[in-house]
Amino acid sequence: IEYQIIEHLFLNPGITITELSEILYTSEPGLRRKIKALSRQTEESGFNIEITDSHCNLVGEEAQVRNFLVYYFFEKMYYEDAPFSSTERQVVGKIMDYFEKEYNRSYGMDARKEMENYLIISLRRVLAGRNLLTEDIRRKNVAIRYSLSFVGILEDSFLKREFFHVFKIELNQSLLEEITCVFTTYQFSLPNRGPKFDEKAFFQGLGANIGERIIQISKDLQIPLYNIEDILK
């Protein structure tokens with residue numbers, strides 16, 4: 001019943017205690033006790049169940065919530081049987097195609113299905129008002145905005161219309177940053193599978209480009225530079 005509670009809270013965010021007790025054929029007082037005990041266990045994984053005005057939600061560390069759900073559906077149903085529609089999988093599959101093209105690589109079937117599940121779970125959490133990419137994370141991880149190229153996706157007007165029809169949310173730059181945030185900040189539980197961002201390589205390349213530009217300016221202005229390394233730092 002504990003896993004059923006978590007599953008229903010994910011699929012029906014904000015469900016009431018009354019509605020949940022009817023679905024699970026249990027009393028409301030008994031359900032509240034079960035949720036309280038369950039929350040003590042899930043807190044060890046960084047999230048718990050919040051009851052506000054009789055409405056229940058999964059709250060806490062969003063990355064942990066999503067990772068738990070990915071593994072939950074894998075363990076219980078494997079990939080094909082997770083409660084996502086074929087149209088949802090089709091749309092996120094097209095987004096995955098862009099990722100594979102961008103990184104010039106092809107993911108194995110299991111890895112791809114896991115990532116598709118993760119993207120759908122992320123979208124469901126966004127629709128429930130649970131974002132991972134906060135302004136604080138955005139400020140601290142400027143690389144997120146440069147780590148993935150979404151140009152091709154955002155120029156695909158048909159995909160954007162199809163995405164809105166299926167998920168009832170606009171496919172834009174902010175949303176794409178949100179649903180790929182875990183991959184780019186190395187919080188994804190299987191880091192060798194997702195579209196990753198090599199921070200070290202990125203900043204080394206950035207430094208080299210800036211250095212070349214500064215050297216060219218130095219030559220143009222005929223002002224010699226002796227401390228280029230310090231300037232770059």
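My entries follow in that order.

**Ground rules**

I am working on a predicted model, where local features need pLDDT of at least 70, side-chain atom pairs count only at pLDDT 80 or more, and totals for chains, interfaces and linings use all residues. Residues are numbered from 1 along each chain as its sequence is written, and side-chain values use heavy atoms, with hydrogens and water left out.

**Overall fold**

I looked up the secondary structure and found 13 helices and two strands in the protein chain. Both are DSSP runs numbered from the N terminus: helices are H or I with at least four residues, strands are E with at least two.

Next came burial. Of the 233 residues in the protein chain, 41% are buried. Buried means under 20% relative accessible area, exposed means over 50%, and partly exposed is in between (1.4 Å probe, protein chains only).

The protein chain exposes about 13100 Å², and carbon and sulfur atoms supply 51% of it. Accessible areas come from the Shrake-Rupley method with a 1.4 Å probe; for residues, only the protein chains shown count as cover.

I then checked contacts, meaning heavy atoms within 4.5 Å. Among those between residues at least 6 apart in sequence, 63% join residues at least 24 apart.

**Salt bridges**

How many salt bridges does the structure hold? I noted six. The criterion is a side-chain nitrogen of Lys or Arg within 4 Å of a carboxyl oxygen of Asp or Glu.

I started at Arg66. The side chain of Arg66 meets that of Glu62 in a salt bridge, N to O 3.0 Å. Glu62 and Arg66 are separated by about one helical turn, because they sit four residues apart in helix α4 (residues 62-77). Both Glu62 and Arg66 are buried.

Arg66 also forms a salt bridge with Glu178, at 2.8 Å, N to O. Glu178 lies in helix α11 (residues 173-184) and Arg66 in helix α4, so this pair ties together parts that are 112 residues apart in sequence. Glu178 is buried, as is Arg66. I wrote down the network too: salt bridges link Glu62, Arg66, Arg125 and Glu178.

I moved on to Arg124, which forms a salt bridge with Glu88, the closest N and O atoms being 3.2 Å apart. Arg124 is in helix α6 (residues 109-127) and Glu88 in helix α5 (residues 86-103), so the pair ties together parts that are 36 residues apart in sequence. Glu88 counts as buried because its relative accessibility is 8%.

**Val166**

Glu88 came up again here. Val166, in helix α10 (residues 157-167), touches Thr87, Glu88 and Val91, not counting residues up to four places away in sequence. Val166 and Val91 are 75 residues apart in sequence and 8.0 Å apart in space, C-alpha to C-alpha. At 21% relative accessibility, Val166 counts as partly exposed.

**Tyr3**

Is Tyr3 buried or exposed? I have it as exposed, because its relative accessibility is 52%. Tyr3 is found in helix α1 (residues 2-11). Leaving out residues up to four places away in sequence, Tyr3 touches Phe68 and Tyr72. Tyr3 and Tyr72 are 69 residues apart in sequence, yet 8.4 Å apart in space, C-alpha to C-alpha.

**Surface patch**

Last, I looked up a nonpolar surface patch of about 280 Å², made by Ile217, Leu221 and Ile223. Patches are made of residues with over 30% relative accessible area and no salt bridge; like charges are joined within 9 Å, nonpolar side chains (Val, Leu, Ile, Met, Phe, Trp, Tyr) within 5 Å. Ile217 is in helix α12 (residues 199-221). At 37% relative accessibility, Ile217 counts as partly exposed.
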